[in-house]
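Dear colleague,

I am passing on the structure we spoke about, together with some notes on what was found in it. Please look it over before you read on.

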Amino acid sequence: MERLSAENIRSDFQEIYRFGCRWLDTEGERNTRQSILTKFEDSSMDNVYCEWFQCHRYVPKECRLEVLSPISLDIRCEPLEYSENSEIEGELIFLGEFNEGNADTISKTNMDLEGKISLIVSDTPAFYISELIEKGAAGVIVATDAPDNLIRTLAAKSYPPNLKDPLKWKVKIPGVSISKQDLYKLLSYMSLGKVTVKIEHFWDSRISQTCNIVGIVEGGMDESIVVGAHYDSQIKTPGAWDNLTGVSTLLNLARIFGKAKNRRRIIFVAFGAEEIGLWGSSFFVEELREELRERCNAMFCLDAVSSAFPAERSLWSEGLLKKIILEKAQQYGYPIDNSRGLTLSYSDYYPFFTEGIPAAMIWEYPPINPYYHTEKDSIKYIDFNKLYLMGELYKKIIQEVSNGLY
Ligand SMILES: [Zn+2]
């Protein structure tokens, strides 16, 4: 099979990168969608279409964090998207770091959170907020560990989306996120005694339309595999690593497999609205549930594939598919450094996994890219040679799976 073109990966990436941020219902998102659709149509696929769905659009209006006592001070913050539209005052309680599914430490805590404002350190706060609400927290401040005084933009809620009643998809307490430096500032005030703060968080809530772009390459067998990458980005980032690395790889895999003779049908999908809780992939699975359950052998999720930062090559998968990928990666000379299962809803593999469809994501982690969900997730930190090699690894594995191995 022909090699991927490193030059095409770079030029597709650069073209879409110029559109800027791809947050739901922005110019950047619309231009990206059109560009992917055109590129899919120019590949030799058998059928290309858009699959539209409704989702909940978050439009920020105002966000403020004020320390009321022991001193009076404004702290720079970003809104915690989809958290409650309100303002609240209360005592600040620090709970610690939450990143790897340790939500039970919140439910087990003896600390009294009732009516108070919880301060947590997390890159994935959506997994912990329902526990905080259950414990009676009145608000939440999330500190992330981004360098350079940056604040990651994050959603307060995650999978599952509410596809039937999108406007109901939000959480009941207001929240903001802050930088690491300001976390230390708050902690030093807390070491002196009780700290009270005020959170103001206001936003416009709207129903919005977005879509998945689907391209199908028919094979000789009535069985399918799905290869997907989300094309949206968080609200203030150019989203180079997350996820133009996945989109540019997807476009180039589609070009090559579109011309190949594959035994299994390959369904390429550019998913919409991943960042706010896997809306696009959830809709896709919902629409094709019976079909996928009966005929889908594997789903490959291309998300945050590769950056210039040193990190381990990581495989997230389960069962036989995981075993085969580990073996093949070793055999091809792209050994996997670490692997784990799929039980956390981090990316678009998850709605497939919950339907029992074998899924896999190969990416670079740990550590997390330091500029994840910040304005510095830029093209400057992409190593196109590394990205090309990850694309080649995906290509070889997809080739094996599309031709009946597994
Ligand atoms: Zn992503």
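The protein in this predicted model is divided into two parts, with domain 1 made up of residues 6-46 and 218-402 and domain 2 covering residues 63-204. The centres of the two domains, taken over C-alpha atoms, are separated by 31 Å, and the contact between them draws on 30 residues from domain 1 and 27 residues from domain 2.

The size of an interface is often given as the accessible area lost when the parts come together. Between domain 1 and domain 2 the buried area is about 2,200 Å², and carbon and sulfur atoms give 59% of that area. On the side of domain 1, the residues that lose the most area to domain 2 are Trp-279, Tyr-346 and Tyr-372, which together account for 24% of what that side buries.

As for polar and charged pairings, there are three salt bridges between domain 1 and domain 2, and nine residue pairs, both at pLDDT 80 or more, are in polar contact between the domains. Lys-376 forms a salt bridge with Asp-148, in which the closest N and O atoms lie 2.8 Å apart.

Turning to the side of domain 1 that touches domain 2, helix H7 (279-287) and helix H10 (349-354) each supply at least two of its residues, and H7 gives the most, with four residues. By residue type, that side of domain 1 divides into 16 nonpolar, eight polar and six charged residues.

With best wishes

Conventions:
Residues numbered from 1 in each chain as written. Predicted model: local features only at pLDDT ≥ 70, side-chain atom pairs only at ≥ 80, totals over all residues. Heavy atoms only, no water. Domains from an automatic or database assignment. Contact = heavy atoms within 4.5 Å. Buried area = accessible area lost by both parts, 1.4 Å probe. Salt bridge = Lys/Arg side-chain N within 4 Å of Asp/Glu carboxyl O. Polar contact = N/O pair within 3.5 Å; in protein donor to acceptor, adjacent residues only side chain to side chain. Nonpolar A, V, L, I, M, F, W, Y, C, P; charged D, E, K, R; others polar.
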